Amino acid sequence: MILPGSDSQSLDFATKAISEGKLVGLPTETVYGIAANALDPAAVKGIFDLKGRPSDNPLIVHLASSEQLDRIAAEVPKAAIELAKRFWPGPLTLVLPKRPEVPDITTAGLDTVAVRVPAHPVALALLEKTGPLAAPSANRFMQLSPTRADAIDSQIAGGLACILDGGPCEVGIESTVLDLSGGTPTILRPGMISVELIESVLGVQVDAGESRRSPGNYPRHYSPRTPLRLVRELGADDSGLTFNGPRNERQIQMPAEPRAYASQLYGALHRLDELGVELIHVQLPPKGAKWVAINDRLTKAAESSIS
Ligand code: TXA
Ligand code: MG
């Protein structure tokens, strides 16, 4: 059931559902999530069951504001405070030592917890009422993350008390995950908040994390149902994403600017899936720093379609 997210009755309905241990479809600025009370192990188990997600893949805990960080994180280093000040609410997730109140199932048994404050008015309004919410992306394991309420798979939607519709997600790909629990800050998942931006705030070098990735950041991930191939140019008859003018009705022209590209990427792949094309060709984006996260998602989607 899709409800208008900005309506106070919808928020009350969703708040009650969360307090009863149910799951709610949540809009964020990155992608839609499946939210449950992060401190209720039974509710969190519902997320893993509904997604078909392996239990060794920890969830992100979402907060209404950085003031609640102390409830979740056992230590909040200076770097976390600086980054929170600059980027929250926003698409940056910080991995910190966890407090014992956070159940093992939420963090997949790790002694760290991933946290972020999302920049979406509907998410923030719900979080104000419910307290900390665990929320992974609202896709089944290894599928595309939805960036619109109506792109949530019907099987997932069937397991939710409601979906709060917050319109299309502005950022369009998942948050940057940065590990601050050890020595050198390390990127576990690239996102639109780049290494360069983080370094400019911290004034120290960040490990871009090529050798270390989040648990559950499998090479197969982020894939449309249709196989995907990265190419230099699309042929006149190919289906897919191009930077040039479309040459048939199965070609989608993508923006040349990375933020706009990211915001449209999953929606465009979803549309091609729906059209039922046999192979999605994607014209290779540029290699620059601002394209790292986009290239990461596309490479994973392409790798997943080789076998
Ligand atoms: O933008 C986003 O981050 C979205 C929206 C809904 O907030 N959420 C999202 O959640 O993408 P999910 O569950 O699809 O991805 C969470 C990522 C995974 O790669 C997971 O391994 C990593 O965060 N993660 C969570 N807790 C962690 C921890 N304690 N240590 C290391 N990585 C962690
Ligand atoms: Mg995900």
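This is a short tour of a predicted model, moving from its sheet to its nonpolar cores and then to one pair of helices.

**The sheet**

Start by colouring the strands. Ten of them form an open sheet with mixed pairing, in the order β1-β8-β2-β3-β7-β4-β6-β5-β9-β10. Next select residues 2-4 (β1) and 186-189 (β10): these strands stand at the edges with a single partner strand each, so one side of each has no neighbour in the sheet.

Move to β2, residues 24-26, and β3, residues 33-37. The two run antiparallel and are joined by 3 bridges. Showing V24 will bring you to A35 of β3, which stands opposite.

**Strand β5 and its partners**

Select residues 92-97. This is β5, a mostly covered strand with 6 of its 6 residues buried. Which strands pair with β5, and in what sense? Strand β9 (residues 176-179) pairs with β5 in the parallel sense over 4 bridges, while strand β6 (residues 112-116) pairs with β5 in the antiparallel sense, also over 4 bridges. To check each side, show T93 with V177, which stands opposite in β9, then P97 with its bridge partner T112 in β6.

**The nonpolar cores**

Show side chains for L83, L92, L94, V115, L178 and I198. In the largest nonpolar core, which has 46 residues, these touch the most other members. At least two residues of this core come from each of β3, α2 (41-51), α3 (69-72), α4 (78-87), β5, β6, α6 (154-157) and α7 (195-202).

Centre the view on I198. Leaving aside neighbours within four places in sequence, which residues are in contact with I198? They are L83, F87, L92, T176, L178, I187, I193 and V206.

**Helices α4 and α7**

On the α4 side, the contact is made by A79, E82, L83, R86 and F87, and on the α7 side by L197, I198, V201 and L202. Colour the contact by class and you will find 7 nonpolar, no polar and 2 charged residues.

Terms used: Residues are numbered from 1 along each chain as its sequence is written. Chains are lettered from A and ligands numbered from 1 in the order in which they are written. This is a predicted model: local features need pLDDT of at least 70, side-chain atom pairs count only at pLDDT 80 or more; totals for chains, interfaces and linings use all residues. Side-chain values use heavy atoms; hydrogens and water are left out. Two strands pair if DSSP finds at least two bridges between them. Buried means under 20% relative accessible area, exposed over 50%, partly exposed in between (1.4 Å probe, protein chains only). A nonpolar core is a set of buried Ala, Val, Leu, Ile, Met, Phe, Trp, Tyr and Cys residues joined through side-chain atoms within 4.5 Å. Contact means heavy atoms within 4.5 Å. Ala, Val, Leu, Ile, Met, Phe, Trp, Tyr, Cys and Pro count as nonpolar, Asp, Glu, Lys and Arg as charged, and the others, Gly among them, as polar.
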